[in-house]
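Biologist: Hi, I'm new to this one. Can you put it on screen and walk me through it?

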Amino acid sequence: HPWLYLFLMPAISMRLWAEERKSGTIEFLMSLPVPFGATVLGKFLAAWAFTAIALSLTFPMWLTVNYLGNPDNGVVLAGYVGSLVMAGGYLAISSCISAITKNQIIAFVTGVVVCFIFTIAGQGLVTDFFGAFAPQWVVDLIASFSFSAHFDAIIEGVIDIRDIIYFLTLIAF
């Protein structure tokens, strides 16, 4: 899922704000008697709900697997929860990038690059690179920002509150 969401979430969010700025409707949107925070939250929650609907369309596969075999449904449910909060993290980053640019393509490409950095932050190649010259606490700090590390723990069936808090804090930030 991290690799799928690396491209899907920037594609969903590239129009959230960039198109408003490019077409000039941002002025109209900001002049409405709606608080700015509510506008940001509304756009984010709409995109996240779209993602949740797309994720829920995989539910028939879960039913098929249950019919054909005997999977651990707790692990599958944890994977759905982890996938949804990780999608929210990718979406938050991508919509923030969409808000600072007028061009949808630039928002998409920049969103993919930033999300890629968050995805590979905990991989061995990155930690080995920084471990060669940085103190261990810096390497641990960089690795703690990895989406993959937090998501891998969840898809093993362990919903650690620290992983959920990581994604929710990233979304709120």
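Modeller: Pockets first, then. On a 1 Å grid over the protein atoms alone, a pocket is an open set of points with protein on both sides within 12 Å along at least five of seven lines, and lining residues have an atom within 4 Å of a point. Grid points are joined across faces, edges and corners, and a volume is the space filled by probe spheres set on the points. By the way, this is a predicted model, where local features need pLDDT of at least 70 and side-chain atom pairs count only at pLDDT 80 or more, while totals for chains, interfaces and linings use all residues. Residues are numbered from 1 along each chain as its sequence is written, and side-chain values use heavy atoms, with hydrogens and water left out.

Biologist: OK, what volume does the second largest pocket have?

Modeller: About 290 Å³. It is lined by 16 residues, and H1, L55, T58, Y80 and S83 lie nearest its centre.

Biologist: Which element gives the largest share of that lining?

Modeller: α6, with 4 residues. Helices here are DSSP runs of H or I with at least four residues, strands are E runs of at least two, and both are numbered from the N terminus.

Biologist: And how does the lining of the second largest pocket divide by class?

Modeller: There are 11 nonpolar, 5 polar and no charged residues. Ala, Val, Leu, Ile, Met, Phe, Trp, Tyr, Cys and Pro count as nonpolar, Asp, Glu, Lys and Arg as charged, and the others, Gly among them, as polar.

Biologist: How much space lies in the largest pocket?

Modeller: About 530 Å³. Its lining has 21 residues, with V40, A92, S95, C96 and F173 the closest to the centre. Two or more lining residues come from each of α4, α6 (73-99) and α11 (161-172), and α4 gives the most, with 7. By class, the lining of the largest pocket has 17 nonpolar, 2 polar and 2 charged residues.

Biologist: Stepping back, how many helices and strands does the chain have?

Modeller: 11 helices and 0 strands. The C-alpha trace spans about 50 × 50 × 25 Å along its principal axes.

Biologist: Why are F44 and W48 separated by about one helical turn?

Modeller: Because they are 4 residues apart in helix α4 (residues 36-56).

Biologist: What about F129 and F133?

Modeller: That pair is edge-to-face, 5.5 Å centre to centre with 85 degrees between the planes. F129 and F133 are both exposed.

Biologist: Which residues do ring pairs link into a cluster?

Modeller: Y5, Y90, F118, F145, F147, Y166 and F167.

How values were computed:
Rings of Phe, Tyr and Trp (its six-membered ring) pair if their centres lie within 6.5 Å; planes under 30 degrees apart count as stacked, over 60 as edge-to-face and the rest as tilted. Buried means under 20% relative accessible area, exposed over 50%, partly exposed in between (1.4 Å probe, protein chains only). On a 1 Å grid over the protein atoms alone, a cavity is a set of points where a 1.4 Å probe fits but cannot get out, and a pocket is an open set with protein on both sides within 12 Å along at least five of seven lines; lining residues have an atom within 4 Å of a point.
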